[in-house]
Amino acid sequence: MDVSGEQHYDIRHDIIKKRIDNLGNVIESRKDGVGAPKIERPLQKHGGRLDHNEVYCGSCYGSEESDDQCCNSCEEVRDAYRKKGWALTNMEVIDQCKREGFVQRLKDEQGEGCNIHGFVDVNKVAGNFHFAPGKSLDQSFSFLQDLLNFQQENYNISHKINKLSFGKEFPGVVNPLDGVEWIQEHANGLTGMYQYFVKVVPTIYTDIRGRKIHSNQFSVTEHFREAIGYPRPPPGVYFFYEFSPIKVDFTEENTSLLHFLTNICAIVGGIFTVAGIIDSFVYHGHRAIKKKMEIGKLG
């Protein structure tokens with residue numbers, strides 16, 4: 001999301017997300033619904049079970065916007081609650097979620113992590129991208145509660161950045177966040193949001209053949225904000241970036257022959273100067289020692 005108002009949630013195009021265990025090994029993804037508990041027929045909005053001659057219309061559990069609204073899946077119930085700004089605190093009583101095995105999947109995924117790689121296109125204005133639990137970030141992050149309530153431990157935001165860059169690679173570029181790792185300590189029992197404040201500097205690199213690479217460099221500062229007070233900050237890893245109004249231009253050039261010869265002369269002259277100093281020191285030292293030996297004063 002950025003200051004222009006553009007927002008994208010749950011990005012999947014050009015982004016690959018993999019489940020990993022606590023040792024970093026990739027876990028094979030399961031298809032939705034596999035292993036879901038077998039229970040009786042779906043519960044209708046009117047309170048009875050679905051009959052063969054009925055059209056399914058599930059309850060939204062008080063979050064309906066109209067009398068004829070139906071919520072036929074766990075996701076539809078959660079969306080209805082999000083639109084109301086409510087937290088779905090007890091999903092054990094939601095028939096749709098029990099049938100789809102949503103609660104059990106959350107319990108099975110405790111202690112897992114994720115590996116994310118890919119790229120996204122952003123506008124050249126200040127904004128942020130972040131990694132946080134939940135499907136979307138509307139309603140002032142109230143959606144987080146319907147996930148975090150099923151985690152017995154605090155949400156762990158330990159992370160390692162293998163590589164982060166803005167734009168194409170060019171010779172000599174240094175990305176300060178490559179290989180950076182941060183481990184959340186559990187001593188105080190608090191989670192929070194880890195923030196990276198990134199200053200992006202547009203850069204043009206022109207090689208010796210005149211080909212230009214339009215890219216960026218960046219600097220960064222870090223800050224951890226504990227989940228204290230109200231409103232409670234949502235847990236996750238956040239990258240807040242802004243673009244510098246200054247552009248840097250690198251140009252690769254050949255050294256001219258005259259400049260090369262001048263450097264050679266400077267090097268040769270320096271060598272002769274140092275050699276002359278050393279020779280003079282050795283010569284005068286040898287003469288002083290020889291003179292003392294001649295007058296019998298040595299040793």
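Both Cys74 and Cys97 are buried. In this predicted model, a disulfide joins Cys74 to Cys97. Cys74 lies in helix α1 and Cys97 in helix α2 (residues 95-100), so their link ties together parts that are 23 residues apart in sequence.

The count of disulfides comes to three. With bonded cysteines counted along the chain, they follow the pattern 1-3, 2-4, 5-6.

| Disulfide | S to S distance |
|---|---|
| Cys57 to Cys70 | 1.8 Å |
| Cys60 to Cys71 | 1.9 Å |
| Cys74 to Cys97 | 2.0 Å |

The torsion about the S-S bond of Cys57 and Cys70 is about -90°, so this disulfide is left-handed. The link of Cys60 and Cys71 is right-handed, with 95° about the S-S bond, and the link of Cys74 and Cys97 is right-handed at 80°. Cys57 has 19% relative accessibility and counts as buried, whereas Cys70, at 29%, counts as partly exposed. Cys60 and Cys71 are buried.

The largest nonpolar core has 16 residues, and Leu177, Tyr196, Val198, Val200 and Phe239 have the most contacts inside it. Two or more residues of this core come from each of β5 (180-182), β6 (192-206) and β8 (236-243). A second, separate core of 13 residues includes Cys74, Val77, Tyr81 and Val103.

Val198 touches residues including Phe166, Phe218 and Tyr241. Phe166 is also one of the residues that line the largest cavity, among them Ser165, Gly167 and Asn216. That cavity has a volume of about 30 Å³, and its lining divides into two nonpolar, five polar and two charged residues.

Technical notes. Residues are numbered from 1 along each chain as its sequence is written. This is a predicted model: local features need pLDDT of at least 70, side-chain atom pairs count only at pLDDT 80 or more; totals for chains, interfaces and linings use all residues. Side-chain values use heavy atoms; hydrogens and water are left out. On a 1 Å grid over the protein atoms alone, a cavity is a set of points where a 1.4 Å probe fits but cannot get out, and a pocket is an open set with protein on both sides within 12 Å along at least five of seven lines; lining residues have an atom within 4 Å of a point. Grid points are joined across faces, edges and corners, and a volume is the space filled by probe spheres set on the points. Ala, Val, Leu, Ile, Met, Phe, Trp, Tyr, Cys and Pro count as nonpolar, Asp, Glu, Lys and Arg as charged, and the others, Gly among them, as polar. A nonpolar core is a set of buried Ala, Val, Leu, Ile, Met, Phe, Trp, Tyr and Cys residues joined through side-chain atoms within 4.5 Å. Buried means under 20% relative accessible area, exposed over 50%, partly exposed in between (1.4 Å probe, protein chains only). Helices (H or I, at least four residues) and strands (E, at least two) are DSSP runs, numbered from the N terminus. Contact means heavy atoms within 4.5 Å. A disulfide is a pair of cysteine sulfur atoms within 2.5 Å. Lists of a residue's contacts leave out its neighbours within four places in sequence.
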